[in-house]
Amino acid sequence: MSEEKKVLIEFRHVDKEFEKPGEGQYKVVGDLDITVRENEFLVLFGPGQCGKSTILNMVAGFESATTGEIICNGKPVSGPSPERGMVFQNTALFPWMTVMGNVEYGPKVQGVKKAERQERAQHYIDLVGLQGFEQSYPVKLSGGMQQRVGIARAYCNEPLVMLMDEPFGHLDAQTRYLMQDELTRIWQAEKRTILFVTNNIEEAVYLADRILVLRNCPTGVKAEYDINLPRPRNYTDPEFLRLRREIDAVVDHTL
């Protein structure tokens, strides 16, 4: 990256273990030291089941580190917080709520007055391209549109960090490409620090400022790449293809 930015998230010698029935402790994350910079688009890339989502869940505060410490904005992570917004692969929208109801839900729970939270929600509904669908219910929306609602809902809490756990993994290829472009546009319009998990190498190179390639469990950083390609990016650009080959060569494809 061209300039050094403030470190917003820091993992300090983090281990994470789970109990496997009949087998004892199983280490998923081992002595992890990573940093995430302010307004950076950082992608965690690695094979399935290597511990990527566990890392994200620890930043979100859904899981606690077994040992070590996770710092966000100068404070240890001790549980969920509105400053860390989450977008899941399964959008987890409330089916009984409209688009507006889903997007304004976070500020509503925080006690933000109706006029203010709906004005904020409308801003993010417009930002993700869903103007005109405010009173629609999730069941009436396509998969891509539902994911837009999920992104708008996370943004509406105005978090410092957006955590995205394979948010486009269940979409068809054409919609996935469209959503990658849309996410890039949204991120450039309203910068946030984004920590994005994927096991799709093209998606990683297309989106990231920086990619951390993770090894299999116990996971840790196997390689790091700064992606300096200009946006919008082109999947057939020779430098894009060169990076794709180079990164693919270091990934452990076995479990």
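Analyst: Start with the rings. A search of the whole structure finds 10 aromatic pairs. Rings of Phe, Tyr and Trp (its six-membered ring) pair if their centres lie within 6.5 Å. This is a predicted model, where local features need pLDDT of at least 70, side-chain atom pairs need 80 or more, and totals for chains, interfaces and linings use all residues. Residues are numbered from 1 along each chain as its sequence is written, and side-chain values use heavy atoms, with hydrogens and water left out.

User: Why is the pair of Phe94 and Trp96 called tilted?

Analyst: Planes under 30 degrees apart count as stacked, over 60 as edge-to-face, and the rest as tilted. The ring centres of Phe94 and Trp96 are 5.2 Å apart and their planes stand at 35°, so the pair is tilted.

User: What makes Phe94 partly exposed, and what makes Trp96 exposed?

Analyst: Buried means under 20% relative accessible area, exposed over 50%, and partly exposed in between (1.4 Å probe, protein chains only). Phe94 has 22%, so Phe94 is partly exposed. Trp96 has 60%, so Trp96 is exposed.

User: How do you know that Lys191 lies over the face of Trp187?

Analyst: A charge sits over a ring if NZ of Lys or CZ of Arg is within 6 Å of the ring centre and within 35 degrees of the ring normal. Lys191 lies at 4.5 Å from the ring centre of Trp187. Lys16 lies over the face of Phe18 too, at 4.9 Å. Trp187 also belongs to an aromatic cluster with Phe41, Phe168 and Phe196.

User: What makes both faces of strand E7 covered?

Analyst: Strands (E, at least two residues) and helices (H or I, at least four) are DSSP runs, numbered from the N terminus. In E7, residues 84-87, Arg84 and Met86 are on one side and Gly85 and Val87 on the other. All four are buried.

User: How do you know that E7 and E8 pair?

Analyst: Two strands pair if DSSP finds at least two bridges between them. E7 and E8 (residues 161-165) have 4 bridges, in the parallel sense. One partner of Arg84 is Val161.

User: Which residues are closest to the centre of the largest pocket?

Analyst: The volume of the largest pocket is about 400 Å³. Of its 18 lining residues, Phe62, Arg84, Gly85, Met86 and Asn157 are the closest to the centre. A pocket is an open set of points on a 1 Å grid where a 1.4 Å probe fits, with protein on both sides within 12 Å along at least five of seven lines; lining residues have an atom within 4 Å of a point.

Methods
Grid points are joined across faces, edges and corners, and a volume is the space filled by probe spheres set on the points.
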